[in-house]
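Reader: I would like to go through this model by question and answer. Please keep each answer to the computed values.

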Amino acid sequence: MNEIALSEEQRDCLQELINVAMGRASDKLARYLDTFVHLQVPHIDLIASESLPSSFAESYADDGVSLVSQGFYGEDGILGEALLIYRSNDAQGIAEILGYEPDDVSEVEQLTDISSILTTTFLNGLAEQIENQLAYSAPRVVSALETALESHLHQLSFNWDLALKVDISYQVTDYSFNCDMILLIPGEAIQNIQKVLDRILNEF
Amino acid sequence: MSIPVLICDDSTLARKQVKKSLPADWDVTTQFATNGREAVDILRQEKFAVLFLDLTMPELDGIGVLEINKAEKLVDFVIVVSADIQPEMQQKVTELGALAFIQKPVNTNKLSEILQQYGLL
């Protein structure tokens, strides 16, 4: 494993960038659903690829979860994956929130709708602050089936040893609907994001 | 005489961003608070003309500071500088007596406009 660590200043800087990006995503969701999204302080960590599946299992052991996974890549070697995770109970509530009739659209489409609002707004907000242009891959929906989730996580962690992991929680209070966003910035992209953070820190 | 200004945010970067975006010709002395609790303690001891206030903070959040300020009238001008820009939040801070709401990251022109509007500049 490489010796990578974020300095205190880098962590503070990244957290502030994430705060602003998640603030924008929440605002978009709040306006879309005409509700209020409760914001919490994001959690930033470094994670080894082999512990990704077990850290997932720990957080979501008792709940079936569905997730929408979307890759992003930009200039200067900035890239990563944004995961939106829904507990199955909440996923069922999404149709109600969006005002869909039963059988109107599939659960997959509903998850993709919410995810595109949150992920795109979040990543655009992040890109703007770091003066980067991000491109996105098509979102992939991974169903609540345990085997599908596990193989997706293995596939995600295939190319790297260590990733920067940011945990963000969106809580829609009116509808008691929660979803978590996990941002994974793997391998060399960590050093590339560190350079960006240093550049921003030098401006202030 | 320079105007005493308190900047309250748990992020070092955000505090510096606010300080740097203050108009160059505005004669101020700035002080920092790293959370709401610290801000209240400072405000109870010293008189400040303007408070720049973040919302999402540990110990005591921005809403908590506004509630205390409403009861104790510690500082007249509170400008909220927040990443949480939801309509409901903007309404809430206005009801609690905040003068203005600025979206993060702070825009220098927008800040000058607000300061001029309230005769602070």
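This is a predicted model: local features need pLDDT of at least 70, side-chain atom pairs count only at pLDDT 80 or more; totals for chains, interfaces and linings use all residues.

Reader: Which feature does UniProt list for Asp54(B)?

Author: The record is an unreviewed entry.

Reader: Is Asp54(B) buried or exposed?

Author: The relative accessible area of Asp54(B) is 4%. Buried means under 20%. Because its value is 4%, Asp54(B) counts as buried.

Reader: Which residues does Asp54(B) touch, not counting residues up to four places away in sequence?

Author: Contact means heavy atoms within 4.5 Å. By that rule the list for Asp54(B) includes Gly62(B), Val81(B) and Ser82(B). It also includes Cys8(B), Asp9(B), Asp10(B) and Lys104(B).

Reader: Which side chain of chain A meets Lys104(B) in a salt bridge?

Author: Lys104(B) is one of the residues that Asp54(B) touches. The count of salt bridges between chain A and chain B is 1. Its N to O distance is 2.7 Å, and the partner of Lys104(B) is Glu16(A).

Reader: How many residue pairs are in polar contact across the interface of chain A and chain B?

Author: Both residues of a pair must be at pLDDT 80 or more. With that condition, the rule finds 6 residue pairs.

Reader: Which element gives the most to the side of chain A that touches chain B?

Author: At least two residues each come from α1 (8-33), β1 (37-39) and α6 (188-203) of chain A. With 11 residues, the element that gives the most is α1(A).

Reader: How many nonpolar, polar and charged residues has the side of chain A that touches chain B?

Author: In the contact count, 21 residues of chain A meet 20 residues of chain B. By class, the chain A side has 10 nonpolar, 5 polar and 6 charged residues.

Reader: What is the area buried between chain A and chain B, and which residues of chain A lose the most?

Author: The buried area is about 1700 Å², and carbon and sulfur atoms give 61% of it. In chain A, three residues together account for 37% of what that side buries. They are Glu16(A), Phe36(A) and Phe204(A).

Reader: How many helices and strands does chain A have?

Author: Along the sequence, the pattern of chain A is α-β-β-α-β-β-α-α-β-β-α-β-β-α. The secondary structure comes to 6 helices and 8 strands.

Terms used. Residues are numbered from 1 along each chain as its sequence is written. Chains are lettered from A and ligands numbered from 1 in the order in which they are written. Side-chain values use heavy atoms; hydrogens and water are left out. UniProt positions are given in the numbering used here, feature names are shortened, and annotations may be inferred rather than shown by experiment. Buried means under 20% relative accessible area, exposed over 50%, partly exposed in between (1.4 Å probe, protein chains only). Buried area is the accessible area (1.4 Å probe) that two parts lose on being put together, summed over both. A salt bridge is a side-chain nitrogen of Lys or Arg within 4 Å of a carboxyl oxygen of Asp or Glu. A polar contact is a pair of N or O atoms within 3.5 Å; within protein, one must be able to donate a hydrogen and the other to accept it, and residues adjacent in sequence count only if both atoms are side-chain atoms. Helices (H or I, at least four residues) and strands (E, at least two) are DSSP runs, numbered from the N terminus. Ala, Val, Leu, Ile, Met, Phe, Trp, Tyr, Cys and Pro count as nonpolar, Asp, Glu, Lys and Arg as charged, and the others, Gly among them, as polar.
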